[in-house]
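Visitor: I am new to reading protein structures. Can we walk through one together?
Guide: Gladly. Here is the structure.

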Amino acid sequence: MFNGCGVYNFTGGNVGTATTFQVNYFQNYATQSPGSTFEPGMDRDFTLALQDRILNQTSLDLVNNGNADLLYEGEITEYRISPMSATAQQTAAQNRLSIRVKCRFYNRTKEDADFDQSFSFFFDYDDNVQLSAIKSEAHEVIFERITQDIFNASLADW
């Protein structure tokens, strides 16, 4: 009754002829942006999150030998906490944690797919909550979005 042709990949990843990928360590240069702060360990956590995203959504093999078909590298360029909305007492009712990552992508199998661009996302939280109490959740939400955006820019062929 149903005739199908071809193989479907429900993640939207199109790896073409590539078989391997490499994610170089994303250095944390957030303090070079005015108003930004340094968050220890975030560089490692983000690098691993991007590796996991690609591993989970493609059949590509992760390599670290410099000969990968697809190469991701970049820097964390912003880690900022900003007040969002004020109360009647003129204090912040919500804060926003924003993270920006600059990513360079090189595709050795399809050179016109290369890019160098920034990706960012945010997490809003109540002012009466300390960042340390929600930091893990905030990083998870932000990394989820940024890594998906990088994945879409590099491998989603819509």
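Guide: Start with contacts. Two residues are in contact when they have heavy atoms within 4.5 Å of each other. Keep in mind that this is a predicted model. Now apply the idea to the protein chain. Among contacts between residues at least 6 apart in sequence, 70% join residues at least 24 apart.

Visitor: How many helices and strands does the protein chain have?
Guide: The secondary structure comes to 2 helices and 6 strands. Read from the N terminus, the order is β-β-α-β-β-β-β-α.

Visitor: At what angle do helix H1 and helix H2 pack?
Guide: H1 covers residues 42–57 and H2 covers residues 131–155. They pack at an angle of about 50°, and their axes are 9 Å apart. That angle makes H1 oblique to H2. The crossing of H1 past H2 is right-handed.

Visitor: Which residues of H1 and H2 meet?
Guide: From H1 come Met42, Asp45, Phe46, Ala49, Leu50, Arg53, Ile54 and Gln57. They meet His139, Phe143, Glu144, Ile146, Thr147, Gln148, Ile150 and Phe151 of H2. By type, the residues of this contact divide into 9 nonpolar, 4 polar and 3 charged.

Visitor: Next, burial. What is the general idea?
Guide: In soluble globular proteins, nonpolar side chains tend to be buried together. Now the case here. The protein chain has 158 residues, and 42% of them count as buried. The largest nonpolar core holds 35 residues.

Visitor: Which residues in that core touch the most other members?
Guide: Phe46, Tyr72, Ile99 and Ile146 do. Several elements each supply at least two residues of this core: strand E1 (20–23), H1, strand E4 (70–86), strand E5 (92–107), strand E6 (115–126) and H2. The largest share, 9 residues, comes from H2.

Visitor: What is Tyr72 in contact with, leaving aside its neighbours within four places in sequence?
Guide: The list includes Gln22, Val23, Asn24 and Phe26. Leu50 and Ile54 are also among the contacts of Tyr72.

Visitor: Is Phe115 buried or exposed?
Guide: Use the cut-off: buried means under 20% relative accessible area. Phe115 has 13% relative accessibility, so Phe115 counts as buried. Its place is in strand E6. Not counting residues up to four places away in sequence, Phe115 touches Cys103, Arg104, Phe105, Ile150, Ala153 and Ser154. Phe115 and Cys103 are 12 residues apart in sequence, and 7.9 Å apart in space, C-alpha to C-alpha.

Visitor: Where is Gln32, and is Gln32 buried or exposed?
Guide: Gln32 is in the loop between strand E2 (27–28) and H1. Exposed means over 50%. At 64% relative accessibility, Gln32 counts as exposed.

Visitor: What about Asp52?
Guide: Asp52 is in helix H1. Its relative accessibility is 41%, so Asp52 counts as partly exposed.

Visitor: How do I compare distance along the chain with distance in space?
Guide: Take a pair of residues and look at both numbers. Asp52 and Thr147 are 95 residues apart in sequence, and 9.2 Å apart in space, C-alpha to C-alpha. Gln32 and Thr77 are 45 residues apart along the chain, and their C-alpha atoms are separated by 7.3 Å.

Visitor: One more, please. Where does Ala113 lie?
Guide: Ala113 lies in the loop between E5 and E6. Leaving aside its neighbours within four places in sequence, Ala113 is in contact with Phe105 and Asn107. Ala113 and Leu155 are 42 residues apart along the chain, with their C-alpha atoms separated by 8.8 Å.

Technical notes: Residues numbered from 1 in each chain as written. Predicted model: local features only at pLDDT ≥ 70, side-chain atom pairs only at ≥ 80, totals over all residues. Heavy atoms only, no water. Axes fitted to C-alpha atoms, helices over the stretch in contact; angles between N-to-C directions. Helix = DSSP H or I, 4+ residues; strand = E, 2+ residues; numbered from the N terminus. Parallel < 35°, antiparallel > 145°, perpendicular 65-115°, else oblique. Left-handed = near helix turned anticlockwise from the far one by under 90°. Nonpolar A, V, L, I, M, F, W, Y, C, P; charged D, E, K, R; others polar. Core = buried A, V, L, I, M, F, W, Y, C linked by side-chain atoms within 4.5 Å. Buried < 20%, exposed > 50% of the residue type's maximum accessible area, 1.4 Å probe, protein only.
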